[in-house]
Structures are given as C-alpha cells and as structure tokens.
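Hello,

Here is the structure we talked about. Please have a look at it, then read my notes below.

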Amino acid sequence: MAQFHYLMVLAFIGTCAVFVNLGFKLRIRSKLKLFLMTDAVILLIYLAWDFWAVTKGSWYFDREQTVGLYLFSRLPIEEVLFFIIVPLMVVLTYLALIKLSRPSSKDEKSNDLR
Amino acid sequence: MIYADVALNAVLVAVIFDLYLLRSQMMTRKIFWKTYFLILPFQLLTNWWLTSNEIVMYSDGEIIGTRVAGAPLEDLLFGFSMILLTLSLWEFFAKRITPDKVAK
C-alpha cells in the first residue's frame with residue numbers, strides 16, 4: 001500500500017473536485033478547452049522547475065511511496081498529476097465562490113465562462 | 001539559487017504576469033483572496049501528508065529551515081505563485097475565448 005501514499009492525497013483532492021463540480025453545477029467539462037490552455041502553461045513552467053530542482057537535489061521523493069512511473073526518468077508521475085489536479089481544484093474553488101457571490105444567476109443555460 | 005530564492009522569484013513572476021503581462025489583475029479582486037485563503041488550509045493539509053510521511057524530502061541547504069505544517073515555508077510561496085498564475089491565466093484565456101464576457 002505504501003506505493004500509493006502520494007497518489008492517495010491526489011485522489012482526495014480529485015474527489016473534492018468532483019463533488020465541488022457537481023455540487024455547484026459548475027459544468028467544468030464545458031470549459032475543458034479553457035482549462036487545458038491554462039494548465040498547459042502551468043505544466044510547462046512548474047514541471048520545468050520541478051525537474052531542475054530534482055536534478056539539483058533541492059528535493060527528492062521516496063521511491064517506496066510512489067507508484068514507480070517516472071517522467072524523464074526523474075519526476076514521479078504523481079508530480080505530473082499534481083500539476084493537473086491542483087490547478088483544476090483551484091479553478092473549481094474560484095468558480096464555486098463566484099457562484100456563491102452571485103446567487104441570482106440561476107440561468108443554467110447561459111454559457112457563462114466564469 | 002536555492003529553493004527559497006526560486007520560490008520568491010516565482011511569486012514575483014506570477015505577480016508581474018498577473019498585473020502587467022496577462023493583465024487579469026486577479027490580485028486586485030476580492031474573489032481571488034477569498035479563493036486563496038480557502039485553498040490555503042488544504043495546501044497545508046497536503047503538505048503535512050507529503051512531509052510527515054517523508055514522501056517528499058528537502059535538502060537542508062536548499063531551504064531557510066522554517067517549516068509550516070511540516071513543509072518548508074518556501075512551499076507557501078510556491079503555492080501562492082501557482083494559485084495566482086492559474087487564475088490569472090484562466091481569466092486571460094476566458095476573455096479571449098468569449099470576448100463578449102469581459103471580467104468584472
């Protein structure tokens with residue numbers, strides 16, 4: 001089970017994301033393109049930083065607590081997933097708070113992007 | 001450049017992007033700070049899990065040594081930069097995909 005320790009926290013955040021998306025009717029799938037554009041930039045920047053830092057030895061990962069798949073034979077696959085799931089949760093939190101602050105906007109048919 | 005330097009620079013870069021390059025100016029909006037402070041406890045929880053289990057470990061010379069919820073203080077700077085940049089990029093692209101729906 002130890003190899004899933006990092007993955008478990010990602011699964012927790014992912015579960016939160018699903019519930020926030022459904023609970024607030026955020027329909028994130030209709031904004032998939034927008035999210036992919038946003039996350040492409042995030043992935044590029046933060047994976048480059050991560051790769052550089054791991055190469056330099058700033059931080060390192062316990063091989064026993066990651067599933068054992070690596071990007072560029074250095075970054076655990078969990079790091080890649082982290083930079084997808086966390087930005088997704090950030091966007092969903094933002095959209096949920098916007099929805100909360102605008103209780104009047106009940107028209108689900110509008111293609112409002114935010 | 002140790003983690004502390006890079007993390008500080010990351011915040012600086014994110015702020016410059018937000019205010020001047022992407023011009024989303026999330027930092028001037030209340031909703032951004034609400035979002036940030038809602039996410040912060042979850043970041044601390046994640047940090048605590050990753051560091052107390054020693055899933056992620058940090059080299060001594062790379063951090064200033066102050067720890068918050070088990071993780072280096074620098075992690076809060078990293079987290080802030082990523083949250084700001086994510087939302088700033090989101091608004092930037094949102095305006096361009098649907099130009100009729102301008103923010104604010």
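What share of the contacts in chain B with a separation of 6 or more comes from residues 24 or more positions apart? The share is 64%. Two residues are in contact if their C-beta atoms, placed from the backbone, lie within 7 Å.

Some ground rules. This is a predicted model, in which local features need pLDDT of at least 70, side-chain atom pairs count only at pLDDT 80 or more, and totals for chains, interfaces and linings use all residues. Residues are numbered from 1 along each chain as its sequence is written, while chains are lettered from A and ligands numbered from 1 in the order in which they are written.

**The two chains**

Start with chain B. It has three helices and three strands. Here helices (H or I, at least four residues) and strands (E, at least two) are DSSP runs, numbered from the N terminus. Along the sequence, the pattern of chain B is α-α-β-β-β-α. Its C-alpha atoms fill a box of roughly 50 × 25 × 20 Å, taken along the principal axes. Chain B has 104 residues, and 40% of them are buried. A residue is buried if 20 or more other C-beta atoms lie within 10 Å of its own, exposed if 12 or fewer, and partly exposed in between; C-beta atoms are placed from the backbone.

Now chain A. It also comes to three helices and three strands. From the N terminus on, they run α-α-β-β-β-α. Of its 114 residues, 29% count as buried. Take the contacts in chain A between residues at least 6 apart in sequence: 74% join residues at least 24 apart.

**Where the chains meet**

30 residues of chain B are in contact with 29 residues of chain A. On the chain B side, at least two residues each come from α1 (3-21), α2 (30-52), β1 (56-58) and α3 (74-97). Helix α3(B) gives the most, with 10 residues. By class, this side of chain B has 20 nonpolar, six polar and four charged residues. Ala, Val, Leu, Ile, Met, Phe, Trp, Tyr, Cys and Pro count as nonpolar, Asp, Glu, Lys and Arg as charged, and the others, Gly among them, as polar.

Strand β1 (residues 59-61) of chain A and β1(B) run antiparallel, joined by three bridges. Two strands pair if DSSP finds at least two bridges between them. In this pairing, A:W59 stands opposite B:Y58.

**The cores**

A nonpolar core is a set of buried Ala, Val, Leu, Ile, Met, Phe, Trp, Tyr and Cys residues joined through C-beta atoms within 7 Å. The largest has 41 residues, and A:V90, A:V91 and B:L87 touch the most other members. Two or more residues each come from α2 (32-56) and α3 (77-101) of chain A, and from α1, α2 and α3 of chain B. The largest share, 12 residues, belongs to α3(B). Leaving aside neighbours within four places in sequence, A:V91 is in contact with A:F35, B:T86 and B:W90. A second, separate core has six residues, among them A:V9, B:L50, B:I55 and B:V56.

**Helix α1 of chain A**

This helix covers residues 5-23, which is 19 residues. From first C-alpha to last it reaches 27 Å, close to the 27 Å expected at 1.5 Å a residue. The expected span is 1.5 Å times one less than the number of residues.

Which residues of α1(A) are buried? They are A:Y6, A:V9 and A:A17. They cover an arc of only 85° around the axis, so they sit on the same side of α1(A). The arc is that of the directions from the helix axis to the C-beta atoms. These buried residues pack against β3 and α3 of chain A, together with α2 of chain B. The face turned away carries the exposed residues A:T15, A:V18, A:F19, A:L22 and A:G23.

**Positive phi values**

Most residues other than glycine have a negative phi. Here are some with a positive one. Just after α1(A), A:K25 takes a positive phi of about 50°. For A:S73, phi is near 45°. A:S73 lies in the loop between β2 (70-71) and β3 (75-76) of chain A. It is exposed, with 5 other C-beta atoms within 10 Å. For B:A69, phi is near 50°. B:A69 is in the loop between β2 (67-68) and β3 (71-72) of chain B. With 17 C-beta neighbours inside 10 Å, B:A69 counts as partly exposed.

Best wishes
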